[in-house]
There are 2 protein chains.
Amino acid sequence: MPRTHRKTTSSLIGEKLADFRVGVDNAIFSVDTAQNRLLVLLVMRHEEPFLGQWSLPGTLVRQGESLEDAAYRILSEKIRARNLYLEQLYTFGGPDRDPREAKDSYDVRYLSVSYFALVRFAEAELIADGVSGIAWYPVDQLPELAFDHNKILEYGHRRLRNKLEYSPVAFDVLPELFTLSDLFQLYTTVLGENFSDYSNFRSRLLKLGFLSDTGVKVSRGAGRPASLYRFDAEAFAPLKDKPLVFI
Amino acid sequence: MPRTHRKTTSSLIGEKLADFRVGVDNAIFSVDTAQNRLLVLLVMRHEEPFLGQWSLPGTLVRQGESLEDAAYRILSEKIRARNLYLEQLYTFGGPDRDPREAKDSYDVRYLSVSYFALVRFAEAELIADGVSGIAWYPVDQLPELAFDHNKILEYGHRRLRNKLEYSPVAFDVLPELFTLSDLFQLYTTVLGENFSDYSNFRSRLLKLGFLSDTGVKVSRGAGRPASLYRFDAEAFAPLKDKPLVFI
């Protein structure tokens, strides 16, 4: 068959529009500050495809439902949290990302709009529904996940690192009162050792002027008592729209 | 009718999955450095809905086509450019964003994955297809656009401002050789007057160490001759993954 002919045929086929189901998948991160572990919430799938494999908590978007509503719906089914931070992460929609796309299955494309969420570890309560497994997994010990969820998670991890570098998102994760060493430890847990040395980090953050010393001191282990700080949202307000680097 | 009954009914309806068509819409920006205007590429719709209204260049995703391929397809149909920068922007997928969702129309949801692109104005050649209109519009003189495209564009504009603040994207937009005053003018065009004063901006950028003086001077208007600079990608490489602020 001459090449031009094949090209014509395939470009005709190619012009048919794709039909889609749209899923929402949440990359929900938390930091166990007591153990210095970065965690992500996984659920075990209890249906095909990928039955019995760990995955990001997700759902398919329903009639009349917005993407964000779907993301909050799945969150509220898996976790009870007083505060949480949620934003859209990225949309993964290449062909062949879901086995249900096959002609002998549902024969529609499955697109995933992923959301990035952060919750305070101590305040977040997992909801076990008695059917499927649910667990906080350390990000550095992930199993092989269903679909392209390892890729989504990698993207989410990068977003988390960026947000720590450029925004005050750490204070959504830390307890309300924290020592500067807690804050440094959180950054080290997410960004890795050697992202900065402690004294540079400390002086940089204090200079920005939105950490207020509560006057209360705590003793932990053998060291000197350390001051407890609070994030001062009012002092931060004028900096909100300015480009800042936190490390 | 008692509330519990209504709730049950509506939650049953609500559990039906939505069917989607997926569109890709490109927010393509350029800066006319000679005239200090921030521009966005618009096309006039030549079919319903919104016949005759300006819109972002977009397309529906075809069978077997990835989202990014669709974004590049529409770009290549509208513009010839040697270099361009493209990244995913945001996904807009709420119900009622497209009149074609109506029961008496196609009765499927229309989701838009938007892409953000930047091209060099002098190198970009618009492709008029003889049917629909196409134009670079100044961002501060936009008409009312089709669908939710004004909202998408606003989001893209914010992304552009962020990218100028945190990344070397300006050098994808400027000609290869530029004066520091050209660079300042570009920032002013996008970020608005008074984002910084010229001498602070100048010393900050030079200190970062990736602008190399070509030794060539140009005269423009009445001022002293100014040095032409080049972005030194090699000098920038070690900074690539470090958090930086450009203004």
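**View 1. How much of chain A is tucked away.** Of the 247 residues in chain A, 48% count as buried, where buried means under 20% relative accessible area, with exposed over 50% and partly exposed in between (1.4 Å probe, protein chains only). Keep in mind that this is a predicted model: local features need pLDDT of at least 70, side-chain atom pairs count only at pLDDT 80 or more, and totals for chains, interfaces and linings use all residues. As for the bookkeeping, residues are numbered from 1 along each chain as its sequence is written, chains are lettered from A and ligands numbered from 1 in the order in which they are written, and side-chain values use heavy atoms, leaving out hydrogens and water.

**View 2. Chain A from end to end.** Here you can pick out seven helices and eleven strands in chain A; helices (H or I, at least four residues) and strands (E, at least two) are DSSP runs, numbered from the N terminus. Its C-alpha atoms fill a box of roughly 80 × 45 × 35 Å along the principal axes. Take the contacts (heavy atoms within 4.5 Å) in chain A between residues at least 6 apart in sequence: 66% of them join residues at least 24 apart.

**View 3. Where chain B meets chain A.** On this interface, 34 residues of chain B are in contact with 34 residues of chain A. The two chains bury about 3,100 Å² between them, 57% of it on carbon and sulfur atoms; buried area is the accessible area (1.4 Å probe) that two parts lose on being put together, summed over both. In chain B, the residues losing the most area to chain A are Leu17(B), Gln63(B) and Pro243(B), together 20% of what that side buries.

**View 4. A salt bridge across the interface.** Asp19(B) pairs up with Arg21(A) in a salt bridge, their closest N and O atoms 3.3 Å apart. The rule, a side-chain nitrogen of Lys or Arg within 4 Å of a carboxyl oxygen of Asp or Glu, finds two salt bridges between chain B and chain A. Strands S1 (20-32), S6 (84-92) and S7 (109-119) and helix H3 (149-166) of chain B each give two or more residues to the side touching chain A.
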